[in-house]
Structure formats: structure tokens, C-alpha cells
Amino acid sequence: MEAIILQILNGLDKGSAYALIALGLTLIFGTLGVVNFAHGALFMIGAFCAVTLSRILTLSHTVIDESKTDFLGNPLKVDVPYVYDFFGQATGDAIIDWAVPLSILFAIPVMMLIGVVMERGLIKHFYKRPHADQILVTFGLAIVLQEVIKYFYGANPIPTPAPEAFTGSFDFGAMLGFDPNMIIYPYWRIIYFIFAAIIIGGVFAFLQFTTFGMVVRAGMADRETVKLLGINIDRRFTLMFGLAAAVAGLAGVMYTPINSPNYHMGMDFLVLSFVVVVVGGMGSLPGAVLAGFLLGTLESFASMGAVLEVLPGINQIVIYLVAIIILLTRPRGLMGRKGVMED
Amino acid sequence: MAILEVKNVNKRFGGLQALGDVNLSVEENTVHAIIGPNGAGKSTLLNCLIGKLIPDTGSVMFDGQSVLGRKPYQINQMGISRVFQTPEIFGDLTVLENMMIPIFAKRDGAFRLHAFENTFAEKHVMDQAMQMLEDLNMADKRNFHSASMSRGDKRRLEIGMCLAQEPRLLLLDEPTAGMARADTNNTIDLLKQIKEERDITIAIIEHDMHVVFSLAERITVLAQGTPLVEDTPDKIKGHPKVREAYLGESA
Amino acid sequence: MLGLDSKDFKLLLIVAALTMLAPFILNPFPEGSGMAQFNAGYPDLMQRFVIFGIFAIGFNILFGLTGYLSFGHAAFLGVGSYGAMWMMKLFSLNVLPAIAVGIIVSGIFALAVGYVSLRRSGIYFSILTLAFAQMSYALAYSVLTPLTGGETGLQIKSTDNPLLSTIPEGEIGRASLFGLDMRASYEMNAGDWLFTFNAGYYIAALIMLLAFYLSIRIFRSPFGTMLRAVKSNQTRMYYTGLNARPYTLAAFVISGMYAGLAGGLLVAMDTQVGPERMFWTASGEVVLMTILGGAGTLIGPVLGSGVIKYMENILSKINKDILHEWFAFLPDGLEDFIVAIVYPFVGKGWHLTLGLIFMAVVIFLPGGLVQGGQKIARLFRGKKASEDSDEKSTQSTPAE
């Protein structure tokens, strides 16, 4: 029982990341009909937004501290971050410590902007081209974005810790009345899950309850008719692209403490996210979320020792295996609409 | 003798009865038109004949054999060729290549791995294709990229491709829809010529009465998924039920 | 000639001449000169040119003709490599049986993967092939370690004792063709120039020519026409009494066998293989090669693989010092500025250049470098060509 709960919990954070990326992918596919292979790169750029902000916050100038001396007796030079100058040392330290959560505020406008520029500058020219061309051009874009990041930040993973308050773990098992120390779970992972749930809820509420969202949903169902009604659907779809980029970016920002960001993390997640989208059903938002959590959990169950004894290596391939079975037996996915991309 | 026999065919889409007890028989070597107002079930019927849809009940026999449950390419191999409402041709290929494909298909069946012969060195196929293009007056366009031709020419090519298979039954789905007057007349002339020169049965679904009355020998009128009357063109013209069906639509 | 029309035969002759004279053509700069680093005429790279050429030619038979975009072709390359490797470890160090086994194993694997994947088309097909390839990679990395050597891969070791080869105790076997070592080279000095003729390269090049010849035959055959028909209009195909599935499956298996051939050759030239050969980036690379050169054209994939392998090996070598040397004639400030601008695109950043070129090709030149070449050629032919270009554009020009 403990083992099962632990695996479900372990599946949640990965599942959250899958769900968030897949949500954006399927949003773009549903609204614009574009298969975006650069979406993983947006996730990666989001993560580097966090890296960038924490670098900005730790920008320092050197001052000579007369009160201390080095071993030669000369006055010691110390780096003082500019935030100390503005806010004092205590607040400054807190700000630096909270760099990752603060990056959310930083990442939203940046990612929206990147998304909108991407859509206006490149993707819109590919609406009428075949899916293969869309895959290829966004694949090329993903390489470019990834190389740009590599140029500026190097090829090595950059550790970006969570605020100190959340770095520990808590004993989830004891809370539920099991033996202590059976189910230990890091705080940040539960925060990631809650964060993902809020974002997903926000996106759904936005689409469900605002006029803007209603128009977009109508446009997803029948673009031509909405256009005939005199609504500028294109501009809304551009904004949806920005929104999808922001969702992917936020997923990346918050993932940095779990996995130190590197320039190819986007591609690693992209392949799996596409599988998630397909399993959930191309163009289905609830499907993407459901499939994200399902596959994340499935993956962590497959990596249990007991399972691996029976089926060695299953943890490596279980997601692909599920995808293949789903595609062959139910090509529209778990919750996909009939007729979307089916043939 | 009836080459195509449709008996008691029913097809429902959810709550909509698209076809209700359709009975139809098409005599060999005739031109049989199926007409009817929009939503009468013409296209549904056609799709049941060529394997795209499977009727809920009833039977469809072609030359004494059931077509139901066969794949479209198998039904085609039985001797039924179909011309589509929007011409379906191989747009990336030249006109000549388009014409050679059905001839290869007729010679080699559904699949053959003929990977080392040269397409244009297959003299027999080449001759047949050129002959067919000449019959269509398209020999001079043989090297055209077929997607760049006019709709009339595409239609002509498509009909030619179907004929090249030497089918026993040619199904035409609104062959002149969306065509300019001149192209329509050309198509009518082509079909007339085919009817005179070949032993072939033609079933045609059409909206344009001008086309129907210049070609058909028998006409079935379909309304709300059921055949209303079946008769010769002359009798159909003045038939009260037909007028009612069409006037009912326009009113 | 050889069952080809004169135009195709000319193309084959050109490719033959280029590959046979490659040690000269790729080494235009004298040894020891500043430009010598742009010489690509060393055996290792030349072998890779032709081997990845074969891989791309095979990929093009699937993607170029049928339009089915496989994102998992590296799996067949990897499986072919493993198959060939085991043949050399167990049976004989002769490369021919190893390559043959590579082709057969890949063919069988492609048949299985294709049978399943081709039940879907479009992006679903791409994802299915990707999923299969990633599974192969993951399994080769972990569970199948006894077969694949896991992370370290397979090499020929001194303990290997192939059935048909007699290796003295404790010595490591070398891949050979009836006793001719693949690494045997003859070096020719001509003035300042040094040309290397490598046995392995010439064997790979001959096999590449054969593979290229076969692909021309396939392109020009009724089978090839049928594959283009699949890409063009599957509905018409089915209503012409043709079954598209076996055609696409045959194309898939053939292109899988080409990948297996390339995989076998890689092992024959450099006797080692690891799972990273099957990683999806490797599958992406062959897609890049084919599109960059020109999908659906005969020579495109060969060109594309040449360009990418050249960039990978040569462009990536350029470092800051070399750039400074080049722009030394400029005033200091300007020199630094230009170097700073150019530097991100070369050396370790060559992938950036690749990505940009690739995007530009997809956006502006969907026909790849071949289309670009045709456009330039048309430009040079001048006014006369533009007069009859209207007629040209309606008449389809057969793929080069």
C-alpha cells in the first residue's frame, strides 16, 4: 500500500510536466492546426528564464571590505549583489533565495512575447502547408533555439535550487497514519503538482468562462464560420499561441529545482509530450491532461522493483508501448474528437 | 439482365434515416440516372455501392456477387469504377503517368513489386495509355502536370482513367458539378461517345437536368431516402410525383 | 545504358566520377597551408560521406516517394550495425557476410515496425515510428545489454574468435574483405599535396554507387510511379483497384534495408557500435539530410548528407584563433567585431548554422538544394529560358 501511494506521488510531478507541455501542444494544434515540434524548446526556454532571473538577481559589484583581510593582510574584496544595495541584506537574500518562484512573474511576459513573435513571424506562414512541413520547420526552429541557449549558457546543467523553505521533504506516510519514514516526499514536488493544477484549472476556466475563450473554442470547432461572423479569430489564435508558450514556459520555470536545466531538456520532454498528446487525443485539452498524469503515474509504477523483476526494462518503454497500442486500437486517443486527424 | 441489383437497403445515421428500403436495378449496357433533391440520399446510396459505407440491412449485388464487406479496391477489381464529384486524379504526376496507373493496375492486380522495370519501357501499357489519351483528345497534353489543368480536363482524364480499366459499370457522381457551360457540354459529349463506342453500363448521379436528359435511358427519382419512381426520361419529365418532390424542395 | 535513360545515366556517371575521385576533389588545399583544415579527403570522413549517403538515399525512397515521414529510421541503422557486429564477432571478419546480415536483420525489423506503423498516416505515422525507435534505443541501452553491450556498446575484442577467421591468440581481429584490411591506405604525394586512397572508402563508395543505381531504377519503375501515386492521391489509388498498404510497406522495408546496409558498413569501417546510433536525434539527422538536399530527387539525399557531414566535421573545427587569422587584414576593432559575430555560427555552434539553413530550406526552398541549383541554373540561362518557362512550369520536369 505504501509503495503504491509512493509511486502515485512520484508519478505526479513528471505527469504534471507532461500534462502542462501536452496542454500547450494540443491547444496549438486545436486552434491553429499546427504540429509544433518547437514546443519542447519553449519549455526549455522557460527553465532558462529562471536561470536568467537568478543570475540577474545575483549581479554584483565588488567592494573592498576594510573590516576583513585576506591571509596577506590586504583588505578583502567582496562581491555585493545589487539587490543588497536596494533592499538591504536580509531582504536581498530572501529575494535571491526565492528566485525560482519570482521567475514566474518574469517568465509570463517573456514567454508570451516569444510565443506571439514565433506565431506571427514563422508559424502563420505554415497554416496551409502540409503537416510534414510544419513538423520540419518547427524541428529546425527547435534546433536553433536550443543552440542559442547553448551558446549563452553552455552545455552543462545549471543547478537552480528552490527556496530554502521548500528544499526539505516531509513524511507523507506519517500524515496518513502509516509507519513513519515509509513515504517521504520532497516539498517542491508537491508544490509543482499544485502549481500545475492551478495553471491547468486557470486555462480551462479561461476557455470556459470568458468571451475570449468561448470564441476560441468556437474557432477550434469551426474556424470558417467564426470568421464569417466577422470575428477576428486570427488575432485570438495568436494570443492562444502566446498563452500556450507561457504555459510551457511556466512548466519549465518550476521544473528547474527538480531537474537542473540544460539546453536539450526540451527535446527530451517533447518526444514524450507528443506521445502524451496522441494518447490523450489530438486537439483534446482534457485528454492531454488526463493522459499526462496517467502516463506519468504509469511510468513510475513501471519502475517499481517488483514490476521490473517480472518485466525488466519496462519502465523505459511503457509510455511508448501504451502509445502504440492506443494508436492502433483507438487512433483518436482517449478523449479525442472523432474525425480529427484520423485516417 | 440487371448488372447491379440493390435490394431493401437501409442506412441510418443516428436518428436520420438516410436510405429507407431502396430497391434499384440497373440493366446491363444502359445509362441509368439517379436524381433527386438535396438530401435525398443519392450520395449515401453511391457510397454503399462502392464500399465506403456498409448498409444496415439489405443487399447490393454486382453481376451476381455481393459487394458488401469488400474493400473499395476489391469492389473496383470486380468491375466498378467511380468518377468523383471533385476530380480525383494523381495531381503530382503527368497526364500520361496518370493514365498508365489504371492500366498497370489492370495488368498486375492490387500489388506487384515491379521495381526494376522502366515505367516507360513497358510498351504494351504505354501503347494502351497513349491510345486512351488519343481517344480523349488529350495526347498533346501527355506531359502536363495534371494538377495544373482545367477542371474540365481533369474530369476528362479521370473518366479516361476509369475507362482504361475497362470496367463493366461506370459510376459518375455529379460529373459536371461546378463546371463551366463549355466544360459541361464537353463532358456530355464525351459520355455520349463512350456510350456509343463501348459495351459499358453507366450509372450517373446528377443534379443538372440538362445532363440527365441528354444521356439517361432510365431514371430513378430518389426522395427522402426512398425511390419515388423509375421510368424512361420522357415519362419522368411529366410525372406529378417528381414535380412535387422538386417543387416541395424549392418551396 | 544499364536500363537507364541517357539523363539518368549521365547523373550516375557524374556521381561515380565524384566518388571515385573524391580523395583528390576533397583535398584541394596543400598540406600545411592555412586552408588545409578544410580538406575533407581523409578516410574516416570520406567513408561517412558515402555511408550516410546510402542512409539518406534509402530514407528518400520512403519519404521522397510516398511522403510518409519516418522519425525513427536510425533504429534500422542501429539494428543493422548490431547484426553486422555479431556476425563479425562470431562468424567471420570478412565484411560482406556482416553487411548482408545487417541488411537482412534491418529488413525483418522494418517489416515488423512498418506493418504496425503504416496502419496510420500523417503525424501519427511519424509518432509511431518515433516511438518504436525510442523503444529500441531504451532497450538496447538497458535490458538487451547481453546483446548490445548496453551503454558501452560492442567492439571486437581479443577474446573474440570468429568461426572462419584465424587470429593469433591475444590479437584483436580487423575487419577485412578477403584479407584486405579496411584500414589499408595508399598515400600519394604530389608536390605539397597529399592524397589518401583507402580500401574501406572505395568498398563503401562502390556499394554506394550500387545503392544509388538501384534507387534510380526504383524511381523510374512502375513501382516508383505507384509510390508517387500513394503520395499524390490515396483515394484514387483505392478506386483504381490498387492497395496502397503493400506498396508503402515495400517502400518502408526497402528503405529499412538501405539503413541496415549503412549500419553494416559503419561497423565494417569502424568496428564498434553503441545505442546512441539509434537515438532519435540520429533519426532527425537523416531527415535533415534528405530535406536539405531535396526530398524526392535522386541526387538530393547524397548532396544533403555530404553537406551535413562536411559541416559536422569541418565547420565544427573552426575556432576563434582561426577566425582572427582570417580577418587579420581588417583593423583591430572591426576584426574583433566580425569575429564576435561569426563565432557563434562555427565551431561548437555549427548546429545553429545547420538549424538556420534547414529552416531557410523548408521555408523558401521546399525542393532543397537541388531546387536551389535549378533556380540558379535557370537564372543563368537568362532571358530565353524565361520565355518558355510558362510552358515549363505546366509540364512537369522529371526529378533529377
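Predicted model: local features only at pLDDT ≥ 70, side-chain atom pairs only at ≥ 80, totals over all residues.
Q: Which residues make the contact?
A: On the α3(C) side they are C:Leu45, C:Arg48, C:Phe49, C:Phe52, C:Gly53, C:Ala56, C:Ile57, C:Phe59 and C:Asn60. From α13(C) come C:Gly300, C:Pro301, C:Val302, C:Gly304, C:Ser305, C:Gly306, C:Lys309 and C:Asn313.

Q: How many of those are nonpolar, polar and charged?
A: The contact of α3(C) with α13(C) has 8 nonpolar, 7 polar and 2 charged residues.

Q: What about α3(C) and α12(C), how are they set?
A: The axes of helix α3 (residues 43–66) of chain C and helix α12 (residues 280–293) of chain C cross at roughly 75° and come within 9 Å. That angle falls in the 65 to 115 range, so α3(C) and α12(C) are roughly perpendicular to each other.

Q: Which residues touch there?
A: α3(C) brings C:Phe52, C:Phe55, C:Ala56, C:Phe59, C:Asn60, C:Phe63 and C:Gly64. α12(C) brings C:Val286, C:Met289 and C:Thr290.

Q: Changing topic: how many residues does the contact take from chain C and from chain A?
A: It takes 35 residues from chain C and 31 residues from chain A.

Q: Which element gives the most on the chain C side?
A: α6(C), with 12 residues. The elements of chain C that give two or more residues to that side are α6 (122–141), α12 and α16 (350–364).

Q: How do the residues of that side divide?
A: The side of chain C that touches chain A has 23 nonpolar, 10 polar and 2 charged residues.

Q: Over to chain B. Where is B:Ile35?
A: B:Ile35 is in strand β3 (residues 31–35) of chain B.

Q: Why does B:Ile35 count as buried?
A: Because it has 26 C-beta neighbours inside 10 Å, and 20 or more are needed.

Q: What does B:Ile35 touch, leaving out residues up to four places away in sequence?
A: B:Glu206, B:Val212, B:Ile219 and B:Val221.

Q: How far apart are B:Ile35 and B:Ile75?
A: They are 40 residues apart in sequence and 23 Å apart in space, C-alpha to C-alpha.

Key: Residues numbered from 1 in each chain as written. Chains lettered and ligands numbered in written order. Axes fitted to C-alpha atoms, helices over the stretch in contact; angles between N-to-C directions. Helix = DSSP H or I, 4+ residues; strand = E, 2+ residues; numbered from the N terminus. Parallel < 35°, antiparallel > 145°, perpendicular 65-115°, else oblique. Contact = placed C-beta atoms within 7 Å. Nonpolar A, V, L, I, M, F, W, Y, C, P; charged D, E, K, R; others polar. Buried ≥ 20, exposed ≤ 12 C-beta atoms within 10 Å, placed from the backbone.
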